[in-house]
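I looked up a few places and wrote down what I found.

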Amino acid sequence: MTTSSSGSAVIDMENMDDTSGSSFEDMGEMHQRMKEEEEVTAEAAATEEDNGEYGEFLGMKGLKGQLGRQVADEVWQAGKRQASKAFNLYANIDILRPYFDVEPNQVRNRLVESLIPVRMINFPQKVAGELYGPMMLVFTMVAILLHGMKTSGTVIREGTLMGTAIGTCFGYWLGVSSFIYFLAYLCNAQITMLQMLSLLGYGLFGHCMVLFITYNVHFHSLFYILWLVIGGLSTLRMVAVLISRTVGQTPRLILCGTLAALHMLFLLYLHFAYHKMVEGILDTLEGPNIPPIQRVARDVPVVANAVVNATIKSIAAVVQSQ
Amino acid sequence: MSQFAGLSDISISEDILVEGDISVPVGSHNADNDFSTLDEPVKDTILRDLRAVGQKFVHVMYPKKSSALLRDWDLWGPLILCVTLALMLQGGSVDSEEEGRPQFAEVFVIIWFGSVIITLNSKLLGGTISFFQSLCVLGYCILPLTVAMIVCRIVLVGGSGLVSFVVRLIVVTASFSWSTFASTAFLADSQPPNRKALVVYPVFLFYFVIGWMILTFSPSQ
């Protein structure tokens with residue numbers, strides 16, 4: 001290769017007559033060489049097997065040929081494209097990304113606010129639409145429930161502890177949210193599903209606190225006080241927000257009454273369901289001989305004996321007098 | 001015209017050879033790569049994988065800010081650790097008088113679904129780490145808890161009184177905080193700086209639940 005003008009600013013392409021794959025003639029040569037190689041290998045393969053109908057049938061040496069390989073390549077690429085399109089459409093978690101856009105101090109503030117009922121119910125209160133706090137609270141409640149089930153000695157035969165805990169917590173959060181959202185739709189309340197999920201999720205903060213304390217400190221009176229105070233505060237907060245977004249006395253009553261009842265009763269259920277029960281739920285359904293709650297045996301036989309004795313004495317007295 | 005004046009000094013020396021190979025790969029490269037690792041004996045493959053897993057174990061026990069765990073992630077280590085932990089935590093038959101000990105499937109599902117949920121959470125919070133890298137990190141950081149399980153088992157052989165409970169509590173608490181610290185050393189770097197606490201909390205909860213399962217494990221008499 002010679003360079004005629006060493007001082008030129010532009011590289012002269014015409015001086016590069018080195019045909020190392022940069023010209024069209026060379027591509028043609030290369031393809032020709034590849035086809036010849038193929039034919040050689042194809043003939044070698046064809047002589048190995050007696051009936052080479054496979055190769056000669058398509059005229060392009062079938063799947064062993066270059067065209068076959070290219071077709072296979074194309075099919076693979078098309079399949080991959082389809083799969084990634086489907087994946088991006090259905091498994092796109094970016095849909096949920098805006099609901100997780102929170103700062104730690106925001107989460108902390110919302111946790112504290114969930115126990116403070118608002119005073120102003122004349123205009124709609126702002127409800128944050130985020131899912132990070134509620135999800136973390138549901139998982140925390142699952143962990144607390146597991147601890148409670150373990151320390152109370154609950155035996156669940158047909159299920160697992162973990163499955164029951166997760167089912168209870170997520171079922172409550174999603175189920176009651178949907179139900180209240182449906183009621184809100186009937187009562188013309190201005191609340192979206194996301195806001196309802198968020199509201200109820202943060203309302204579980206009070207439940208978590210009460211359960212955490214009372215699963216470790218077993219005093220019934222303490223539980224009742226905490227149930228009224230903390231459960232009541234968190235219910236009042238949710239109820240106030242809903243009232244501020246509904247018009248009319250009857251719809252307000254229906255909506256808020258239902259939510260208050262469900263929320264308070266759930267806390268009651270969680271405390272007593274895993275409170276030193278001997279057998280699990282499914283076991284009591286299957287075994288009618290076993291009483292669901294073991295009672296302490298009172299002194300019934302003594303009383304019964306006394307009654308029976310008195311009855312027999314009176315009957316004997318009556319018989320004797322006749 | 002004047003802007004090209006400075007370029008007039010450029011020249012190509014004659015001894016730079018311009019050569020190369022422009023060929024269209026039609027999939028033959030993949031075949032070559034496959035043959036190069038398919039031909040080696042099985043022992044080599046297993047030893048190579050074991051060495052990679054062992055190296056990652058060392059990285060977990062001494063968590064520095066290295067990227068070895070993230071760069072070549074693999075799920076062998078988490079699988080080994082998860083199966084070991086689940087086997088050791090397995091309860092007896094269903095009609096044993098011990099109430100509700102975690103079965104193998106329960107522990108397995110908790111670990112894998114917990115890891116998936118934490119990974120999704122960290123991705124949704126704006127993390128730059130990929131799905132499988134995060135699974136790899138969370139799985140490998142179960143190693144301290146597995147070690148704690150072995151220690152608890154040994155301690156329980158000696159008896160299950162108050163002293164053994166205190167010892168087990170200390171061991172499990174130490175290993176659970178080690179796990180959380182190790183995984184945040186790897187995971188928290190991929191998050192925006194003010195949101196680290198949001199990612200650390202579910203990791204803390206996850207290892208807390210596993211640690212609690214280990215602590216409340218009591219073998220059948």
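I began with burial in chain B: of its 221 residues, 38% count as buried (buried is under 20% relative accessible area, exposed over 50%, partly exposed in between, with a 1.4 Å probe and protein chains only). This is a predicted model, in which local features need pLDDT of at least 70 and side-chain atom pairs count only at pLDDT 80 or more, while totals for chains, interfaces and linings use all residues. Residues are numbered from 1 along each chain as its sequence is written, chains are lettered from A and ligands numbered from 1 in the order in which they are written, and side-chain values use heavy atoms, with hydrogens and water left out.

I then noted the accessible surface of chain B, about 12,400 Å², with 67% of it belonging to carbon and sulfur atoms (Shrake-Rupley method, 1.4 Å probe; for residues, only the protein chains shown count as cover). For secondary structure I counted nine helices and zero strands in chain B (DSSP runs, H or I of at least four residues for helices and E of at least two for strands, numbered from the N terminus). Among contacts in chain B between residues at least 6 apart in sequence, 75% join residues at least 24 apart (contact means heavy atoms within 4.5 Å).

Next entry: the largest pocket. I read its volume as about 750 Å³ (the space filled by probe spheres set on grid points, which are joined across faces, edges and corners). A pocket here is an open set of points on a 1 Å grid over the protein atoms alone, where a 1.4 Å probe fits, with protein on both sides within 12 Å along at least five of seven lines; lining residues have an atom within 4 Å of a point.

Which elements each supply at least two residues of the lining? I found α4, α5 and α7 (193-214) of chain A, together with α8 (162-187) and α9 (196-215) of chain B. α9(B) gives the most, with eleven residues. The lining has 30 residues, and T140(A), F212(A), F204(B), L205(B) and F208(B) lie nearest the centre. By class I have 24 nonpolar, six polar and no charged residues (Ala, Val, Leu, Ile, Met, Phe, Trp, Tyr, Cys and Pro are nonpolar; Asp, Glu, Lys and Arg charged; the others, Gly among them, polar).

Next entry: two serines of chain A. I placed S114(A) in the loop between α4 (104-113) and α5 (132-152), and S234(A) in helix α8 (residues 220-244). S114(A) is buried at 5% relative accessible area, and S234(A) is buried at 0%. The two touch: the contacts of S114(A) beyond four places in sequence are Y202(A), F205(A), L233(A), S234(A) and R237(A). A polar atom of the S114(A) side chain lies 2.8 Å from the backbone oxygen of L111(A). The side chain of S234(A) makes a polar contact of 3.1 Å with that of H263(A) (a pair of N or O atoms within 3.5 Å; within protein, one must be able to donate a hydrogen and the other to accept it, and residues adjacent in sequence count only if both atoms are side-chain atoms).

Last entry: two other loop residues. I121(A), also in the loop between α4 and α5 of chain A, is partly exposed at 31%. Its C-alpha atom is 8.0 Å from that of R245(A), 124 residues apart along the chain. N188(A) lies between α6 (161-186) and α7 of chain A and counts as exposed at 57%. I noted a positive phi of about 60° for N188(A), although it is not a glycine.
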